[in-house]
Every structure is written in structure tokens, then in C-alpha cells.
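This briefing covers two ligand sites and the contact between two chains. Please look over the structure before reading on.

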2 protein chains.
Amino acid sequence: MIQKIVIVGGVAGGASTAARLRRLNENYEIIMFEKGEYISFANCGLPYYIGGTIMDRSRLIVQTVEAMSARFNIDIRILSEVIQIDTANQSVTVKNLRTNESYHETYDILVLSPGANPLKPPISGIEEATNLFTLRNIPDTDAIKNYINTNKPKRAVVVGGGFIGLEMTENLHACGIYVTIVEMANQVMAPLDYEMACIVHDHLLDKNVDLILEDGVKSFSNNGRKVTLKSGREIDTEMIILSIGVQPETKIAKDAGLELNARNAIIVDSSMKTSDPHIYAVGDAVEVKDYINSNSTLIPLAWPANRQGRIVADNIAGRIANYPGTLGSSVAKVFDLTVAATGNNEKTLNAVGIDYRVLHIHPGSHAAYYPGAFPISLKLIFTAKEGKILGAQGVGFEGVEKRIDVIAAAIKGKLSVFDLPDLELCYAPPYSSAKDPVNMAGYVATNIIEGLVDTIQWHEVDDIIRDGGLVLDVREPFEADLGTVENAVNIPLGQLRGRLNELPKDKVIYVYCQVGLRGYVACRILTQLGYMCKNIDGGYKTYALVKG
Amino acid sequence: MIQKIVIVGGVAGGASTAARLRRLNENYEIIMFEKGEYISFANCGLPYYIGGTIMDRSRLIVQTVEAMSARFNIDIRILSEVIQIDTANQSVTVKNLRTNESYHETYDILVLSPGANPLKPPISGIEEATNLFTLRNIPDTDAIKNYINTNKPKRAVVVGGGFIGLEMTENLHACGIYVTIVEMANQVMAPLDYEMACIVHDHLLDKNVDLILEDGVKSFSNNGRKVTLKSGREIDTEMIILSIGVQPETKIAKDAGLELNARNAIIVDSSMKTSDPHIYAVGDAVEVKDYINSNSTLIPLAWPANRQGRIVADNIAGRIANYPGTLGSSVAKVFDLTVAATGNNEKTLNAVGIDYRVLHIHPGSHAAYYPGAFPISLKLIFTAKEGKILGAQGVGFEGVEKRIDVIAAAIKGKLSVFDLPDLELCYAPPYSSAKDPVNMAGYVATNIIEGLVDTIQWHEVDDIIRDGGLVLDVREPFEADLGTVENAVNIPLGQLRGRLNELPKDKVIYVYCQVGLRGYVACRILTQLGYMCKNIDGGYKTYALVKG
Ligand SMILES: Cc1cc2nc3c(=O)[nH]c(=O)nc-3n(C[C@H](O)[C@H](O)[C@H](O)COP(=O)(O)OP(=O)(O)OC[C@H]3O[C@@H](n4cnc5c(N)ncnc54)[C@H](O)[C@@H]3O)c2cc1C
Ligand SMILES: Cc1cc2nc3c(=O)[nH]c(=O)nc-3n(C[C@H](O)[C@H](O)[C@H](O)COP(=O)(O)OP(=O)(O)OC[C@H]3O[C@@H](n4cnc5c(N)ncnc54)[C@H](O)[C@@H]3O)c2cc1C
Ligand SMILES: CC(C)(COP(=O)(O)OP(=O)(O)OC[C@H]1O[C@@H](n2cnc3c(N)ncnc32)[C@H](O)[C@@H]1OP(=O)(O)O)[C@@H](O)C(=O)NCCC(=O)NCCS
Ligand SMILES: CC(C)(COP(=O)(O)OP(=O)(O)OC[C@H]1O[C@@H](n2cnc3c(N)ncnc32)[C@H](O)[C@@H]1OP(=O)(O)O)[C@@H](O)C(=O)NCCC(=O)NCCS
């Protein structure tokens, strides 16, 4: 009979497991080990405390040891690192970091939620860089904040343009620091595809952030005062944030012989059980199944950690609960922008070899006639025939994550793009349009699948121009002042039926407007009248995203 | 073969039908009749133009006759009222309101989207009330705006507390007018249940709106300068907005012998076809199937009108499209509050005799530690066993309609409350919590259905007190200063395990905290230790909503 449960890690996954376990069973002995000084802290809030948005440090601590012990009758031991697991004897070795003494603690069930550590590769000069920081926990946060308060740096380099890097950029910027982002890929924010990330790039430049793409750090020198890039470029800086990703903190799991994957993530089954029948693992330390493509992957986010923690508690207590895989729904605030995504992006789908179709739309966040509406750039990825939803990405100022959440719910409901027009979403002018952007994405996808219109993507345009293709701009002439596709012929949509004689019937006409809608209407007219045409998906706006 | 399509009504349903029809078929002859001067206007924006939020009147006109004719090659005839339908000869009689001349126009297919008229019952003195307005279209809007500009009224009475009444209240208030709302029911905003509407009542009072419930207008006198209520109360006023609902504008349909229901709504099948095989009807004028309870109902909203318009166009063009019924997802801004709902409320379910369970939660709109989070009061209604989602209501300041949209999508995906915890929604501190409010609602519902906790509702509490029931307050003592349930015993949750001897085992203990969470945790402790207990759902906060 299970009586004693030992948990390693006292934050998102660990504390969630402990709390639910106690709610399910008043009699369990529950011991939670945390090597740090704090449990249940708000990892995700740390950058905002550094920037001053969160002003009160104590707000970062969601639950104190005292309060959680009292509420849940859990034996919480902080500054206690589990340094070894003895699977044969079902016991762990714990090092008390105050006294440096070690002791054993047995378990009936062991739950691992050790999280992941910031990557810190052996770049030349990294150990001597006294101004280099990573950010995972409260001590890291204090160190960064103290450094800023004491040294009042004017320049910082953020290495890595993922969400933590961008959040740190925003918050350093809020401290009056000029930030250079160095990112090895050709884009920031990996969940987005390139053209969507370009919106973020523009916004960063607008905010006077120095963005260096496709370049990596070669070395640090002068105790971190100089950063030399692979390109040879040198940057003087007063501080460095290293945010190039995380790696599962699984040394004890590995030493204990638990099955790990090549990236040292713990392998678990759908009940979150490891290769040892008495050990579960959750959170950033585990490999998960990608909900869309079913491959194994690592998705270190708070929702999965919390969800998995509760699932493990249920399973321990004899309830059956399975984790269906991770969609990877995510959102980040990047200055004034909201960037959100769910499911797979093109990069992932290409890597795993799944065929797909793509659309881009740019509908208003709410009714255009009600003040404060801003376009949302929304990308939807789906299978060509069945219209299965594979992923979605949104970038904009308002209402972005709402649409991604709705699509994430639709995916979990196994709805296809054909069902999106039927989602009956709340409408009043301050909130949406009578056809919500999600409905609109469904309409546009349906039209593509049903063959009402054929589309090409932004990245195909330049080849078409080079090959002398015929490109038709159906916008009003004044709009062309904002930029056009090279050599495009302009016939405004309203004049199209009257000027058909200007167009050939023996050549594909590549049509575009500003966002795709009028291009689509033009294509419908042309197609029915016997012309061959394709709409440039997402219009000039999408094409221009990557032109900067 | 279908060649000529005549459409009656040129706004939400009618214009949507016309536009889609043309996209599907370049050869149709499409004639759209509109008796007013404007097509495609923003009905939903009208109150905001009156209040000045929308400053430019031309923004209310989404499409002009010229632009829409040019883009879609549609024969649009404004100031043209269809006064008769001759179903036998497939022709309509049209009155040109400029010339007062009438003529016939034949059709292969007729589409009716005539909308609905504001109700204007024969209340004594109504015809003489020169300061009484209803609001449906642009001329109505101009009349109200001119009246305000000319007469600078200081006081207004809004009769009817539905969404148009409340929007007008807010916008008159923005014009510096002191508003009295007179509402016959015991609450405003019919999509909400009473306790949820109470949040709106409080907010209206905070905004210095005079709210009179459970009273109706008996008569108007002195040309509308005095309003006498059924209670005898008299109100002096300078203007009156009558917004007590709408009725289908279906006289021509009735005269033509189309099948109507008792409320004069046109009866259509799932393809939106009327009882006449050559006539379709959409929008506010038709009866729809309630998506939740399958009964017939009227839901005059913009989303259904737009959706149905497109479905009709598809059916005419030989594509098969069905309307699955209306969920009634709706949202309104009421001053600083957002009020949203989807599916059925308790009132409806009681009326149609469907059993249900209810929960209330009050989670933050986003992580508590990130500034600007406000509680969302979220109510979920579901079936007791299968956990089928029947409806949801939300009231709060931020992120309200997002959660209702996600639940609406879940309903369309046929997800149950058991699936809500698995909705993987976007999380970062400015947007949500690692367990989103929708996840949380799923957790709470699951716990109720699985018997982890038994709950009672706010409206059962007073009877329990009267019958001498034992009520246990597990909040901290300082919280009790904010108000308590009468005669409640206080044992803070953190002390519960140590003070069990103060509680009897032979009596049901009704537990509450502030929002329900700690009450639930207390119930889990007590239940497992052999006490009988029930959690007061939604905590003191829900109970107190109706106490004002
Ligand atoms: C700056 C920052 C911002 C973030 N923002 C977001 C966001 O906006 N949205 C989002 O979804 N996610 C965000 N995350 C990620 C999110 O915080 C993690 O996915 C989540 O906390 C993972 O939970 P976990 O329980 O696996 O690990 P953690 O929460 O990291 O907890 C693991 C704990 O285990 C302890 N531990 C490890 N090994 C041992 C041992 N041997 N003995 C004892 N204790 C041990 C560690 O000290 C640590 O406290 C952010 C993370 C960071 C660092
Ligand atoms: C002030 C206001 C605010 C609103 N706010 C919202 C909101 O926030 N959210 C929401 O979902 N809904 C809202 N609505 C409701 C929404 O506008 C309607 O549900 C929608 O417009 C219905 O579309 P329809 O095509 O059926 O009717 P309408 O849009 O009313 O169009 C019908 C048209 O038909 C014309 N017509 C009628 N009979 C004839 C005839 N015999 N011959 C020629 N023409 C004729 C009428 O003049 C009218 O212009 C609001 C409505 C109003 C009035
Ligand atoms: C603080 C922490 C220990 C809380 O764990 P928890 O108790 O499971 O979570 P919550 O406080 O949100 O409470 C959720 C529970 O209360 C219940 N609940 C919530 N609101 C309720 C209400 N109004 N009425 C009744 N029950 C309610 C839920 O059903 C759930 O119980 P269940 O799991 O038994 O179904 C854990 O979330 C944590 O450590 N968080 C901080 C770390 C972290 O997540 N970091 C990453 C993000 S920054
Ligand atoms: C203005 C009005 C005539 C527009 O009708 P519409 O042309 O069907 O609607 P939209 O302009 O939103 O365009 C939608 C069409 O463009 C397509 N589309 C939208 N964005 C697109 C894009 N970026 N790329 C390609 N196609 C796009 C959609 O697929 C849809 O076409 P489909 O129906 O053939 O699939 C009609 O909505 C109207 O009268 N509105 C005002 C009245 C009203 O609704 N009042 C109530 C609310 S205030």
C-alpha cells in the first residue's frame, strides 16, 4: 500500500503534485524536497520584478513553506538537495545544504519535478565573465537586480531570442539599458515561423533594441566586458544575460538508471511513470509526446508542469489519469506586442515530414469602427484535404492569445478548419467582429481546400517576379504608395470587370491586395470568367513582413 | 436553373448573402432591396456614436452602395421597400420610397433578411411622447443625437435593461445625462442568471445610474416628460429610450403565407429554407434551434445573421450547408465591466426542464502577481453525470469574453467538463495563470461530479441559517471583517486539523471561504476524517453578490 510519497522539486510540478495528493488523501506521508530556499515561486514573473513591473518581491512567492505546510500538512524541506536515488531500496539520499550533512529517506513512490537548468555552454571566457547571468530562480533574480542597482549598466547583451530572452530585453529596457540581442537563428521566438517573427523583429527595432540575427557568441573577454561574435563583430557591454534554452536537470535520474532520451529528458508513459515502477516524473525534466505529430519532444512550460503534477497525484491515489501530450500553446508579451502560438509551426512540420497548407489573415482585433482596433496577424496551418488543424500563430496588440486559445480548444475538440466558421464566439464591437478572426480563418481555409481559390505563399513571390510572372495588384492606386510587388500591374478590384481585356487568358495571373481578401474576390471573378489565377496569401502585408 | 436572386434587407444577413453569392457565381442576377437609405451599416456601433466613442458618423457605414455595387456587381436598390411577395408567381412588389411608385420584380430565389423591429407596445401616452426613441438604424441614431445636441437633456429614462438598454445607458451617461433604468424583471442582462447580474447592478450603482428593477412603465404623460411606473412611482425625464426587445419584421412573410411561429418569426429548416421552396430567410427574423436544448427560440444577434447569410448563399449555389442552431454566445461592455455568456442559463434550463449542476469561481484574469489582474466571476452549468457543458457566464473587467469563447469552442467540440482541465491554453503572467480559469472550472466541475466534494448554492444558504445549520468559515479572521454568513463559526483553514475537536461528526457542516477554494480543501480534510460537509459553492463572494 502506498503510504509515503517523496517529491523532488518544490515549484510548479512538485508543489502541484503535493497539493493534489493531500486533497486526495489525508493519510499519506508527503515529503517535498527543494534544494533552493523557496518553494512555489513565480518563475514566470521573475523578469517583471527585475524590470519593476512587479514592485514587491514577496509577490513572487506564491506559497511560503509555512502556509503550504499548514494548509496541506506536508513535510516541506527546503535547502535540501536530493543527490541520489536508490531505486532498489526505494530511498533517496538528501543533502541538507545548511549543514552539508546527508541522510536517507525511503519512499513508496518518488515524484521527480526537478525542472530544467539554463544552458551554459563552455564558451571561451564564460567563467571569467563576472557580469554574465542566467535566470531561473529567485537568487538569480536577486543577483541580476543587485547588479543593475549597484552598477547602473547602460548596455547589455542578451544572448538568445527566446521568450525569456525577449522578456529580459523588455525589462532591461525598462531599466534604461540599451540592449543588443544576439540570436543564432534567423529569427527570434522559435514557436513562430520566420515571416511572423519578422513582425517581432520590426517591433524590437521600433523600441530601439539592437537585434543581431544569424550570429552566435564566439567568446567573452575582458571579464565579460566584450562579446565577440562568430562573424567577428565585437560588442562592448556592461552585462550579459544568457538565455539560449534549458536542459533537464536529471543527473540523479540518470545516475539511478532511469530511462532518459538523448537530451537527458526523463522518459515517461502517459501516466507520467518513468521506467521505474515506483517513480513518476513531470515538468521541464520529462520528454512529452507532441500532441500534433506524436513525436517525442521537450516543451518546458508551466501549464504542462502543473497539469502533469495533478495527473501524477491522481495516478498515485489510484485514480486513472493520462496526459495526452503537449500542444505547446504559448504566449509572450514583447513590449506592446502579444505573440502567441499553438500546435506545430512550418519548421516543425517540415522536420517531421507532414504535409500542410498555410494561410495568413490580418483581421482587426475588434470591429474596425470601434476605436482601438489593431490588426492581428494570424497564421493557420492545416492538412490539405481533411483540414485538420496543425497549428496557429498570432502576433498583434490585442486579442491575440484569445484567438490562439480558441484554436487550441478547437484542436482539443478535434474540430477541423471546416468547423471554425461554426464557432459561435462572443461579439460586440469592443471585442470582436460579427465574423471573428477565427471564423474568418476557417472561411479562408475552407475556400482553399474546396478549391474556390488557389493561393501561393509570400516566399514564392520573388521567384515568380524573377521568372517574369504576371502579378496583378487589385488595391486602389493610393495604396500602391505603401509599396508594391515589383512590376505588378494595378487594376483596382472595383474596376476589374470593366478592364478584363487588359488581362491574358493564357498565363497565370498572380493576384494580390493588401491582406488577401480583395485578392480572393478578384480571383473568384477571374476564375469564373476563364482566367487562370492564384491569390498571394495574406496579401502585400504578409509579403512585406519579411522585407522589413 | 437559378439565375435571379432577390434579397430583402441590405444589412447583416442580406449583404452577407449577396456578397457570398457573387463570390460563388459571377453570373447570377442579384438584386438587393433595402427600404432604408443605408446598407451594411454597423447596427452594433450605433450607441457608441451617440456617446461619442465613435466620432466619425461615416464609420458606421461598413459598405456604401457604390462600393458594394462595384465590388460585387449587385443591383442594390435603397429606399425600396418590398411590400408584397407573390409566391405563386415568384415575384415581389417593391415600393420606391422616393417616388412612392410600386413595381414588380420576379425571382428564382428570394432571400428574406428583414431583421427585427424594436418593440413599442401601446402604453398610454406613448404616441404623444415627443422625446421617446427606439434605436435600430442610422436615422434613429441621428434623431437621438440631434435631440441631445439640441435639447441638452440632463435626465433620461431607459426602459429595458437588455444589452441595447445598457449600452445606451453607458453612452447617455457619457453625454453627461443622469440615467434611470426601468426594468420589469428582477435583473438586467437576461443571458445572465440573477446572482451574476447582481455584479452588473452594483457596477451601475457605482456609476451613479439609477436602477429600478421589478417595475414597469404604466404610462407616459406630459409628452413624455413624466414616466409613471406600475408601482405608482413617477419619474421626471427629458428623454426616453425604449429598449425592451425586438420583434421579427415579418409582415410580408406572414401575408405571403410563409409558416411563422407564435412570435411571428419565420420558420426555416436547417438549410435556412422557409416553408416555400423558393424562399430562404435569415437573421433576426427567423426562429432558430437552441443549440443546447434543441427547442425553438429567437436569438437576434449579428453572428447568426452573418453566418446564416453565408449558409444560404452556399445552398442557393448548390453547395450543401446547414445551420446547427444557435448557442447564443454574447458579450456586452457595461461601463468598465465585460459581461459574456454562452449556452443556456439556469432560467432557461429550468423552463425547459433540463437537470443541471452549477459552479461559480472567481479566478484572476491573469497571474495575481502581475499588476492589473482582476477577478473574473465565472459560472459554469453542466449535467450532473456526463458533465456535458450546458452554459457559461462571465462578468469581470478583463479576459472575460476570452474564457466564454473558449468554452463556446469546447461546446462545439463536444467536450465535457472532464476535458476542460486538458485545454492547453496560452500562459504568461500578463495573460492568464498556469491553470487558466477555464481549466479551473473544469477541475471544480470534475470534483463535484466525481464526488470529491458536495456543494450547495448561494440561494440555499439563508434557509440553512434559518434552520440552525452549522456554518464554518475557514477564512482568516481579518477576512471576516468583510462580512460573514450569519452565525458562522470561524476556524482558519491552516488551523483546521488542530481544532477538529470543535466540530461535530453528527451534523452536516456547511463550509465556506472567500471564493470556494479553501472551503473545498477544508471539505476534503473533513470528509476524509469522517465529518459530513458541504462546500458553499463560490464562497462568500458568490453569496454576497446578491446581498448588494
Ligand atoms: C524566467 C522564466 C520565465 C518563464 N516564463 C514562463 C511563461 O511565461 N509561461 C510558461 O508557460 N512558462 C514559463 N516559464 C517556464 C516555467 O516556469 C517552467 O516550465 C515550470 O516552472 C516547470 O516546472 P517544474 O516543476 O518542472 O520545474 P521548476 O518550476 O523549475 O521546479 C523545479 C525545482 O526543483 C528543484 N530541484 C531540482 N533538482 C533538485 C534536487 N535534486 N533536489 C531538490 N530540489 C531540486 C529546483 O531547485 C527547482 O526549484 C518560465 C521560466 C523562467 C525561468
Ligand atoms: C443598437 C444595436 C446594437 C446591437 N449590438 C449588437 C452586438 O453588440 N452584438 C450582436 O451580436 N448583435 C447586436 N445587435 C443585433 C444585430 O445588429 C442584429 O442581430 C443583426 O443586424 C441582424 O441582422 P438582419 O440582417 O437580420 O437584420 P438587420 O441588420 O436589421 O437588417 C435588416 C434590414 O432589412 C430592411 N428591411 C426590412 N424589411 C424590409 C422590406 N420589406 N423591404 C426592404 N428592406 C427591408 C431593414 O430596413 C434593415 O435595414 C445590435 C442591434 C442594435 C439595433
Ligand atoms: C501554489 C501551488 C502549490 C498551488 O497548487 P494547487 O493547490 O494545486 O493549485 P491552486 O491553488 O490553483 O488550487 C487548485 C485547486 O483548487 C480547486 N479550486 C480552485 N478554485 C476553486 C473554487 N473556487 N472552488 C472550489 N475549488 C476550487 C481546484 O479544483 C484545484 O483542486 P484539485 O486539483 O483538487 O481539483 C502551485 O500551483 C505552485 O507551486 N505554483 C507556483 C509555481 C508555478 O506554477 N510556477 C509556474 C508558473 S509562474
Ligand atoms: C460588409 C458585408 C457586406 C461584408 O460581407 P462579406 O463580404 O461576406 O464579409 P467580409 O468583408 O468580412 O469578407 C469575408 C469574405 O472574405 C474572405 N476573406 C476574409 N479575409 C480574407 C483574406 N485575408 N484572404 C482571403 N480571403 C479573405 C472570407 O473567406 C469571406 O469569403 P467567403 O464568404 O467567400 O468565404 C457584411 O458583413 C455587412 O453588411 N456587414 C455590416 C452589417 C453587419 O454585419 N451588422 C451587424 C454587425 S455590426
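H1(B) is the leading contributor to the shell around ligand 4, giving six residues. The model is predicted. Residues of chains A and B both surround ligand 4, so this site is shared between chains. Ligand 2 is likewise surrounded by residues from chains A and B, so its site is also shared between chains.

**Ligand 4: shell**

- The shell around ligand 4 holds 31 residues. Nearest are Asn447(A), Tyr520(A), Arg20(B), Ser40(B) and Arg310(B).
- By class, 20 residues of the ligand 4 shell are nonpolar, seven are polar and four are charged.

**Ligand 4: polar contacts and cover**

- An oxygen atom of ligand 4 sits 2.6 Å from a polar side-chain atom of Tyr520(A).
- Ser40(B) places a polar side-chain atom 2.7 Å from an oxygen atom of ligand 4.
- For Asn306(B), the distance from a polar side-chain atom to an oxygen atom of ligand 4 is 3.3 Å.
- On its own, ligand 4 has 970 Å² of accessible area, and the protein covers 91% of that.
- Which elements give two or more residues to the shell around ligand 4? Chain A supplies helix H11 (437–449) and helix H14 (517–528). Chain B supplies H1, helix H3 (65–72) and H8.

**Ligand 2: shell**

- Around ligand 2 there are 32 residues. The closest are Gly13(B), Glu34(B), Ser113(B), Asp284(B) and Ala302(B).
- E4(B) provides the largest share of the ligand 2 shell, with three residues.

**Ligand 2: polar contacts and cover**

- A polar backbone atom of Lys35(B) lies 3.1 Å from a nitrogen atom of ligand 2.
- Arg136(B) uses its side chain: one of its N or O atoms there is 3.2 Å from an oxygen atom of ligand 2.
- Leu301(B) has a polar backbone atom 3.2 Å from an oxygen atom of ligand 2.
- How much of the accessible area that ligand 2 has on its own does the protein cover? The protein covers 95% of 990 Å².
- Elements giving two or more residues to the ligand 2 shell are in chain B: helix H1 (12–24), strand E4 (80–86), helix H5 (163–174) and helix H8 (302–316).

**Chain contact**

- Chain A brings 82 residues to the contact, and chain B brings 82 residues.
- Between them, the two chains bury about 7400 Å². Carbon and sulfur atoms account for 57% of that area.
- In chain B, the residues that lose the most area to chain A are Trp303(B), Tyr369(B) and Glu424(B). Together they make up 12% of what the chain B side buries.

How values were computed: Residues numbered from 1 in each chain as written. Chains lettered and ligands numbered in written order. Predicted model: local features only at pLDDT ≥ 70, side-chain atom pairs only at ≥ 80, totals over all residues. Heavy atoms only, no water. Near = heavy atom within 4 Å. Polar contact = N/O pair within 3.5 Å; in protein donor to acceptor, adjacent residues only side chain to side chain. Areas by Shrake-Rupley, 256 points an atom, 1.4 Å probe, with all protein chains shown as cover. Helix = DSSP H or I, 4+ residues; strand = E, 2+ residues; numbered from the N terminus. Nonpolar A, V, L, I, M, F, W, Y, C, P; charged D, E, K, R; others polar. Contact = heavy atoms within 4.5 Å. Buried area = accessible area lost by both parts, 1.4 Å probe.
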